[in-house]
Amino acid sequence: MINLESVDFTQNGKANHFATCDTCHWVNPFNPKIDNLCERCNSKLQQRKPLAFQKTLALTLCSIIAFFPANLYPIMTILQFGKGQGDTILSGTLYMFQNGMIPIAAIVFIASFIFPLAKIIGLIYLLYSVKFPSRISRRHRSHMYRYIEMFGPWSMLDVFVVAILVSLVEIGNVLEVVAGPGATAFGIMVLLSIFAAASFDSKMLWDERGTDER
Amino acid sequence: MPYPVLKEGQQARCRQCRHIVLYRKPNPVNRSVAIAIAGLILSVPAIFLPIMSMKMFSINSTVSLSSAVYALWLNELYFVAVVTCFFCIFAPIGKLVIALILGLQIKMDQIKRNSYMPLIKFYQKIDSWEMLEVFMIGILVSIFKLRADADLFFDLGLVSYILFMLSIVALKLSFDKELLWNKVVIND
């Protein structure tokens, strides 16, 4: 049990030798010299995720690499009488845009292009701001991180659309939708970026350069 | 360290970043048991009944959640098929089953030591991987894509899918993980 009177509230939990359990959020006393286990759920305790910076950087770089095949390869092909051209995510969006389906094109474009890109740029920026001074306040950067985490799943939108169309559009030899390799690359990119966001430790943002900075 | 005691409906925020640290949801146990039962019943029609059908040259083709996953598998997109199956079928059902088991354990006042904690941990693991609402928007987008070229008909599966999705959203709003953790007895 922690005696509240001995806690220095001008300092963070790390300086006060506490650790919040990542699993059950119980606040435990923490002894850096030994392996600490949570009093409540027996999970391993850590004040900061070990190697969070390196892991996030590595996974973000991987998702940047996967970003290219995801957008360059066709995610599906609409075959009319056995013929047809592959549609990448961007060309599909452009087609919808030209056909007057502007709101729905905007949703697809934002969810499957803007979100992944913003996520990657955001994570790179957050990593940069851990090492170098940043103009954005730490509170706003924490918010930024939460949004990055929250928007992750929405990038799967296009993959699900492909799943529905592939299954639904099968009118004999007349009209058929076939999935393309871009869908796999896209799914991998989304997964990698979700893992990258999860491996980041938002407490790193509050660790750097003293407590006076807001 | 004990949390400050919050009444149902109150929330506590972080001093530094204003993020909500703790939020006591109103009537969490009864609500999540009810929602979990409803969601599990709805999951069967939502997954297997056709969501919509398309008619063209007097040929009819339908799509359901399960057939969409199967079609991906047949298209040799094994990775995408497995991932979709997990995100849209296994993760939501897993959440509902765990919420039901845990809710019943609390309601009957019989917390099973060896299953209670692992189940909460498992719930937390699959929580962020459930993407029913994204699939819902996917249904909308495909409706718009096909609307101009083909006749679309909506089936009972769409209604049950929407209700299934709403039950997952409702579970998110009523299932109180912190309350469940607070029931774990600490032995020093």
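Predicted model: local features only at pLDDT ≥ 70, side-chain atom pairs only at ≥ 80, totals over all residues.
**Stop 1: the interface.** Select chain A and chain B together. On each side, 53 residues take part: 53 of chain B are in contact with 53 of chain A. The two chains bury about 5100 Å² between them, and 75% of that area lies on carbon and sulfur atoms. Salt bridges between chain B and chain A number 0. Polar contacts do occur, with 8 residue pairs found across the interface, both residues at pLDDT 80 or more.

**Stop 2: the chain B side.** Now hide chain A and colour the elements of chain B. Which of them gives the most? Helix 5 of chain B does, with 11 residues. Coloured by class, this side of chain B shows 33 nonpolar, 13 polar and 7 charged residues.

**Stop 3: the sheet in chain A.** Bring chain A back and select its strands 3 to 6. They form an open sheet of 4 strands, in the order 4-3-6-5 with antiparallel pairing. Strand 4 (86-87) and strand 5 (170-171) each have a single partner strand, so one side of each has no neighbour in the sheet.

Next, select residues 76-80 and 175-179 of chain A. These are strand 3 and strand 6, antiparallel and joined by 5 bridges. For one bridge, pick Thr77(A), whose partner in strand 6 is Val178(A).

**Stop 4: the helix across the sheet.** Finally, select residues 157-168 of chain A. This is helix 5 of chain A, lying across strands 3, 5 and 6 and running at about 140° to strand 6.

Terms used:
Residues numbered from 1 in each chain as written. Chains lettered and ligands numbered in written order. Heavy atoms only, no water. Contact = heavy atoms within 4.5 Å. Buried area = accessible area lost by both parts, 1.4 Å probe. Salt bridge = Lys/Arg side-chain N within 4 Å of Asp/Glu carboxyl O. Polar contact = N/O pair within 3.5 Å; in protein donor to acceptor, adjacent residues only side chain to side chain. Helix = DSSP H or I, 4+ residues; strand = E, 2+ residues; numbered from the N terminus. Nonpolar A, V, L, I, M, F, W, Y, C, P; charged D, E, K, R; others polar. Pairing = 2+ DSSP bridges. Axes fitted to C-alpha atoms, helices over the stretch in contact; angles between N-to-C directions.
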